[in-house]
Amino acid sequence: MNTDFLLELGQLEQGNVKTLAASFDNLPPNPYVDGAFRLRRYSHFTFDGAQLNRLPTKAFVQDDSINTYQGNVERTYPEIEDQICKSQAFTEMFNRFKEITNLDDETPIEVHQMRILAKHKQTTEPAPEGVHQDGFDRLGVFVIERNNVAGGEIQVHTDKQSAPFVSHNFDQGEFVILNDQKFFHSAAAMKPSTDDDGYMDVFVLTA
């Protein structure tokens, strides 16, 4: 792993973005506290630069010192669909993440596929825990699509109290990969741009 790595921005190929975007329509209901505004699948893999290896299903849990919103809650989500995991589009995301961070082949990479909902006349906090770290070494946020959404900028901070030095409406495969030990991140509140509901579709990779 590149111990000097800090942060990098990038863009996925547009054909791959289109492939990934379609899979978010199949996200199931989320039974946990954040289920009112976030639909989710969760899987984890190793990646040797050519081949993805899906690891056995496991529960996702964060200590409450890291996640003040639903820490210490053991959450089990449905796996990300095979047809997406086997696609060139999904592999490109892992290639970019691994190349930028220089992860070892055996390092597990956890993947959250989320649709964050922006409902009519409501304000959604995409990251209800506020400015935070995820408790990993590397974090990648890949925003696949924003639909009828105002706000929701992905933000990066030097510490928990600082104003963001990155704040951008990532969209259409734009991403940020960062050192989760050195930086904090958050997302601005969002709401629909019109009277219709909206959403933001995101893959979050951690290692």
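Modeller: A cavity is a set of grid points where a 1.4 Å probe fits but cannot get out. Rolling a probe the size of a water molecule over the atoms shows where empty space is left. Please note that this is a predicted model.

Colleague: How many cavities of 30 Å³ or more does the count give?

Modeller: The count comes to two cavities of 30 Å³ or more. The second largest cavity holds about 30 Å³ of space.

Colleague: Which residues line the second largest cavity?

Modeller: Its lining consists of Tyr-42, Ser-43, His-44, Thr-57, Lys-58, Tyr-77 and Glu-79.

Colleague: Let us turn to the sheet. In what order do the strands of the open sheet stand?

Modeller: Strands of a sheet pair through backbone hydrogen bonds, either parallel or antiparallel. Here three strands form an open sheet in the order 8-7-10, with antiparallel pairing. From one strand to the next, the twist averages 15 degrees.

Colleague: Why is one side of strand 8 and of strand 10 left without a neighbour in the sheet?

Modeller: Strand 8 (166-168) and strand 10 (184-187) stand at the edges and have a single partner strand each, so one side of each lacks a neighbour in the sheet. Strand 10 is joined to strand 7 (residues 154-157) by four bridges, and His-157 stands opposite Phe-184 in strand 10.

Colleague: Are the faces of strand 10 buried or exposed?

Modeller: In a regular strand the side chains alternate between the two faces of the sheet. In strand 10, Phe-184 and Ser-186 lie on one side, His-185 and Ala-187 on the other, and all are buried.

Colleague: Which residues have the most contacts inside the largest nonpolar core?

Modeller: That core has 32 residues, and those with the most contacts inside it are Phe-90, Ile-109, Val-111, Phe-142, Ile-144 and Phe-203. Among the elements giving two or more residues to the core are helix 1 (14-23), helix 3 (88-101), strand 4 (109-118) and strand 5 (138-147). Helix 3 gives the most, with six residues.

Colleague: What does Phe-142 touch beyond residues up to four places away in sequence?

Modeller: Its contacts include Leu-12, Met-93, Phe-175, Ile-177, Phe-203 and Leu-205. A second, separate core of 20 residues includes Ala-118, Ala-127, Val-156 and Val-166.

Methods
Residues are numbered from 1 along each chain as its sequence is written. This is a predicted model: local features need pLDDT of at least 70, side-chain atom pairs count only at pLDDT 80 or more; totals for chains, interfaces and linings use all residues. Side-chain values use heavy atoms; hydrogens and water are left out. A nonpolar core is a set of buried Ala, Val, Leu, Ile, Met, Phe, Trp, Tyr and Cys residues joined through side-chain atoms within 4.5 Å. Buried means under 20% relative accessible area, exposed over 50%, partly exposed in between (1.4 Å probe, protein chains only). Contact means heavy atoms within 4.5 Å. Two strands pair if DSSP finds at least two bridges between them. Axes are lines fitted to C-alpha atoms, for helices over the stretch in contact, and angles run from 0 to 180 degrees between N-to-C directions. On a 1 Å grid over the protein atoms alone, a cavity is a set of points where a 1.4 Å probe fits but cannot get out, and a pocket is an open set with protein on both sides within 12 Å along at least five of seven lines; lining residues have an atom within 4 Å of a point. Grid points are joined across faces, edges and corners, and a volume is the space filled by probe spheres set on the points.
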